[in-house]
Amino acid sequence: MAAACMAMAARGKMVYELYRTTTHVAGPIIFAHIQWRRLRGLEHPTRWPERFGRPSSPRPPGPLLWFHAVSLGEGLAAIPMIKHCVRVHPNFVVLMTSTTTSAFEVIKDQLPDGVIYQLAPLDSPTAVGKFLGYWDPVAVFLMESELWPNLIISAAEKGIPVALLNARMSCKSFKRWSRTFALPLISLMLSKISLIAPLSTLQGVHFQLLHASPHIIHFAGDLKYAVGDFNVLEEDIRKIKDLQLQLAKRPVWMAASIHKGEEEVMLWVHKELIKMHTDLVMILVTRHPRHGQQLALALKKQGMNVSLRSRSETISCSTSIYVVDTLGELRTLYRVTPIAVIGGSFLPCLAGHNVAEAAAAGCAVLTGPYVGHFSHMLAGMLQAASSSILQVADKAELLVALNKLLTDKKSLEAHCRAARYAFSTVSKGMKVDQWLVPR
């Protein structure tokens, strides 16, 4: 056993050296790629140098905690913990990083005063080295599935503890990491991590099968249940009230976080529902703003009555579909609808989205059959209240379920109560304190 472990470690170091050398040699190509992305609007127009470890803010004195999330959902999940950290450990400097520009634009307005926000460095030896050398964190908190070899191993070499929070790995990623060439590398990375807080028991088993020590795996709940500690700006509150007035006395349902391809399901269902509920409005929130804009344009060309949120178009008496093509508003938009269908779950290539936000707002929550790593969240809420989440198999079942909710007021109210109760039950006892003090 000892000999096998030593052989695995040796292979891991060899694979890592190959990865490190490749990412170093590829530096010019990576730089060109980032410039190409910048020209397409996929990187920040002025702060892109941060992706190469070049800071744009001074480093305050004192111990620094670094939180990193790849995108908007993971970043929002980290915010309650960051706020808790600022309150309980005011002597620590807090740095937050994200990878995507969409996350950057929303999260910067949600962070507490004093928290530094930068774009994350690319996983190249030079960028990571510059970043760690400048910011000198005493601990690194990575959200969900951010397993980057140069980052994790470089931090470990500097004696910086690394924690993986809300840790998850899709079945596809698990199979990839389990391959002969990849297993030694992931095994080496996981041996450098001080704490893994998995989303579920299944996720914990995945990490153990990839050779994570069971002693570093601790279950502390899903941070995506912590949706209450979220800033709602006064301007946003005013906009929501305006929207509620525009929708007054009209039946409404929301299709949230809709990916390309799923709009066909939602539009078919809405067209069928309008035959039975002639004044019905669908709020269609696309996953990506550009998709929403393209969709609104295409629907208008077809002669449909569509309003687009980014253009401040109001919902008139003839509006049938309200397309939301903005970012970071989903949590507040749930307040204007009694029914929320959560997308990312109606195509086999997708893996679901967070249902807790809609449940916390008291919506009747529906989802499709493909929920991926959110299956543990559904299971927990269904165990708390069997009618808290309605999971449908296809568009025909979705049509039937929505029609019942729109027709039967008592049924709608019962599902709304169940969703709110299930969220309250499952989210109790969230423990973030144990993750914040460096070990």
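Analyst: Contact, as used here, means heavy atoms within 4.5 Å. You're looking at a predicted model, so local features need pLDDT of at least 70 and side-chain atom pairs count only at pLDDT 80 or more, while totals for chains, interfaces and linings use all residues. Residues are numbered from 1 along each chain as its sequence is written, and side-chain values use heavy atoms, with hydrogens and water left out.

User: Which residues of H11 and H16 meet?

Analyst: On the H11 side you'll find Val 265, Met 266, Trp 268, Val 269, Glu 272, Leu 273 and Met 276. Their partners in H16 are Lys 395, Ala 396, Leu 398, Leu 399, Leu 402, Asn 403 and Leu 406. Sorted by class, that contact of H11 with H16 has 11 nonpolar residues, one polar and two charged.

User: What makes H11 oblique to H16?

Analyst: Helix H11 covers residues 262–276 and helix H16 covers 395–407, and they pack at an angle of about 40° with axes 10 Å apart. That angle makes H11 oblique to H16, because angles under 35 degrees count as roughly parallel, over 145 as roughly antiparallel, 65 to 115 as roughly perpendicular and the rest as oblique. H11 also passes H16 in a right-handed crossing.

User: How do you know that Cys 416 is too far from Cys 363 for a bond?

Analyst: A disulfide needs a pair of cysteine sulfur atoms within 2.5 Å. The sulfur of Cys 416 has its closest cysteine sulfur in Cys 363, 6.7 Å away, so that's too far for a bond. The structure as a whole holds zero disulfides.

User: Are Cys 363 and Cys 416 buried or exposed, and why?

Analyst: Buried means under 20% relative accessible area, exposed means over 50%, and partly exposed is in between (1.4 Å probe, protein chains only). Cys 363 has 0% relative accessibility, so it counts as buried. Cys 416 comes in at 11%, so Cys 416 is buried too.

User: Why is Asp 136 called partly exposed?

Analyst: Asp 136 has a relative accessible area of 46%, so it is partly exposed. You'll find Asp 136 in the loop between helix H5 (125–135) and strand E4 (139–143). Phi of Asp 136 is near 50°, a positive value in a residue other than glycine.

User: What makes His 211 partly exposed, and where does it lie?

Analyst: His 211 has 38% relative accessibility, so it counts as partly exposed. The loop that holds His 211 runs between helix H9 (201–209) and helix H10 (234–246). His 211 isn't a glycine, yet it has a positive phi of about 80°.

Technical notes: Axes fitted to C-alpha atoms, helices over the stretch in contact; angles between N-to-C directions. Helix = DSSP H or I, 4+ residues; strand = E, 2+ residues; numbered from the N terminus. Left-handed = near helix turned anticlockwise from the far one by under 90°. Nonpolar A, V, L, I, M, F, W, Y, C, P; charged D, E, K, R; others polar.
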